Amino acid sequence: MNKNKNDAISKITTREENFSEWYLDVIREADLAENSPVRGSMIIKPYGYALWENIQKILDREFKKRGTQNAYFPLLIPKSFLEKEAEHVEGFAKECAVVTHHRLEEKDGKLVPAGELDEPLVIRPTSETIIYDAFSKWIHSYRDLPLIVNQWCNVIRWEMRPRLFLRTTEFLWQEGHTAHATRKEADEKTLEMLEIYRQFVEEYLAISLIKGKKTESEKFPGAEYTSTIEAMMQDGKALQSGTSHMLAQNFAKSFDVSFLDENQEKQYVWQTSWGLSTRIIGALIMSHSDDKGLVLPPRIAPIQVVVIPIWSNDDEKKSVFEEVQKIKTELEAFGITYKVDEREGRPGSKYFEWERKGVPLRIEIGPRDIQKQSVVVVERILGKKEFVSNKELSSYIEESLERIQKTLLENSRRFRLENTREVSDYEEFKKIMDEKQGFIFAHLCLDKKCEEKIKEETNASTRCIPFEDGLDNAGKCIYCKKDAPNKVLFAKAY
Ligand SMILES: [Zn+2]
């Protein structure tokens, strides 16, 4: 349903009715993003972009603490670069946007592409190739290592079934790229960065995760292995929330990224790459929001507290705004981000609007509250209303924000555990994927065919081989009953 001026209130579909409609309704009503005229491309609106800016700020700080430097590499990559690593090109070929011309010319009253390029250029779907070509020129000796570079940028992967935030042809992300002298260092870096992602997603986005390693068929094209964090959405589907790849020497050999070691002998570097994208905003929306709209964890919310002044005449307005000024000073002193909704209009419709935008706390203040030296504080998730005295306001706000943050993570964790099952019978597996969905741990052999068949028959893919204890015990493959080295996490996925 589209918002138009005659429709004062547009509806949010309930999750029960239709989960994917609900998701799009929440995005529209919270004013996060919209489709652009180019299918698959998304306009991120200011409120949605503020979320991405917060994500950037926190991750960037964590990256830099660990010796990462930011740089920027070009959008256009020579096609020949992609061809240098066979698995890599095979993995991305189907999604590449290719630039073949460099100008437009008028012909019969129409503009047509002209000036064909000698070598087509690919718009980066990821930047391993162009970055490692540069690394090969930057790295000479063991003293140049480790090299840890990150870039914040956009990439394009042509998307046939686009969906706001979750699958867009163009998306924003960061991609980290490293080069090390030893395999051990690269292995450690791979897992260190995955752990950064886990901490960030759990502590700031309040989304509970499972950490693990991708199977051979799900790993990044060109990697030796891929590690991942997987989250469960409210419909029981999985969302891959960040990945960190051990590239070993695959790219180093293709791009001649080498160095002279202490004995003056040539060695290839060991590499990693890791990325987290605007998809995570899709995960954030689907993890916490409810039928009233968006719900945001306080630590990532662009606005933690909205202040709604209430007045009915100019005198009241004056005294209420004086009081609001005091509240502002106090919230600022406590480092709490806030917005005062000073617009004319009914308080009720303002409450409604900020509720849909997922602001964790709302302060209402009117003439009667001033007399009582207190304000009303309302929580977004439970709708709980409290009268809080002015004296206690900032500590009350601080404690509430902390508590809400914790509650959201606990809810996410509980929901994931309640919808995770260990299964050894394939019929039961199929039944669960048909009805309840959620996560299933089951034994899987190393034969790729079993994995393919399961995906074909149930739509569930392998999400990871979990790092969690107690799941690496051997057993019998759920599909073919042959030996299986460990349990694998299965789910339908976004
Ligand atoms: Zn099998």
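Predicted model: local features only at pLDDT ≥ 70, side-chain atom pairs only at ≥ 80, totals over all residues.
Start at Gly345, which is exposed, with 9 other C-beta atoms within 10 Å. Residues are numbered from 1 along each chain as its sequence is written.

**Around Gly345**

Show the loop between strand S16 (338-340) and helix H10 (347-356); Gly345 sits there. Helices (H or I, at least four residues) and strands (E, at least two) are DSSP runs, numbered from the N terminus.

**Helix H10**

Select H10. Which of its residues are buried? They are Trp354, Glu355 and Arg356. Then step just past H10 to Gly358, which takes a positive phi of about 75°.

**The nonpolar cores**

Next, select Ala231 and Ile363. Of the 88 residues in the largest nonpolar core, these two touch the most other members. Such a core is a set of buried Ala, Val, Leu, Ile, Met, Phe, Trp, Tyr and Cys residues joined through C-beta atoms within 7 Å. Zoom in on Ile363. It touches Val305, Val307, Ile308, Ile327, Val375 and Val377, not counting residues up to four places away in sequence. Contact means that the C-beta atoms of two residues, placed from the backbone, lie within 7 Å. A second, separate core has 24 residues; Val122, Ala186, Leu247 and Val269 are among them. In soluble globular proteins, nonpolar side chains tend to be buried together.

**An open sheet**

Go to Val122 again, this time for its strand. Ile77 stands opposite Val122 in S6. Strand S6 (residues 110-123) and S4 pair in the antiparallel sense over 3 bridges. Strands pair if DSSP finds at least two bridges between them. Now show the whole open sheet: 3 strands in the order S4-S6-S5, with antiparallel pairing. Strand S4 (76-78) and strand S5 (98-107) are the edges, each pairing on one side only. Look along the sheet: the twist averages 40° from one strand to the next. The axes are lines fitted to C-alpha atoms, and angles run from 0 to 180 degrees between N-to-C directions.

**Domains**

Colour by domain: domain 1 (68-288), domain 2 (305-401) and domain 3 (420-491). These bounds come from an automatic or database domain assignment. The C-alpha centres of domain 1 and domain 3 lie 28 Å apart. Their contact takes 16 residues from domain 1 and 17 residues from domain 3. On the domain 1 side, select strand S9 (209-213) and strand S10 (225-232), each of which supplies at least two residues. S9 gives the most to that side, with 4 residues.

**Zoom out**

The protein has 14 helices and 25 strands. Its C-alpha trace spans about 80 × 65 × 60 Å along the principal axes. Of the 494 residues, 39% are buried. Among contacts with a separation of 6 or more, 67% join residues 24 or more positions apart.

Note on methods. Buried ≥ 20, exposed ≤ 12 C-beta atoms within 10 Å, placed from the backbone.
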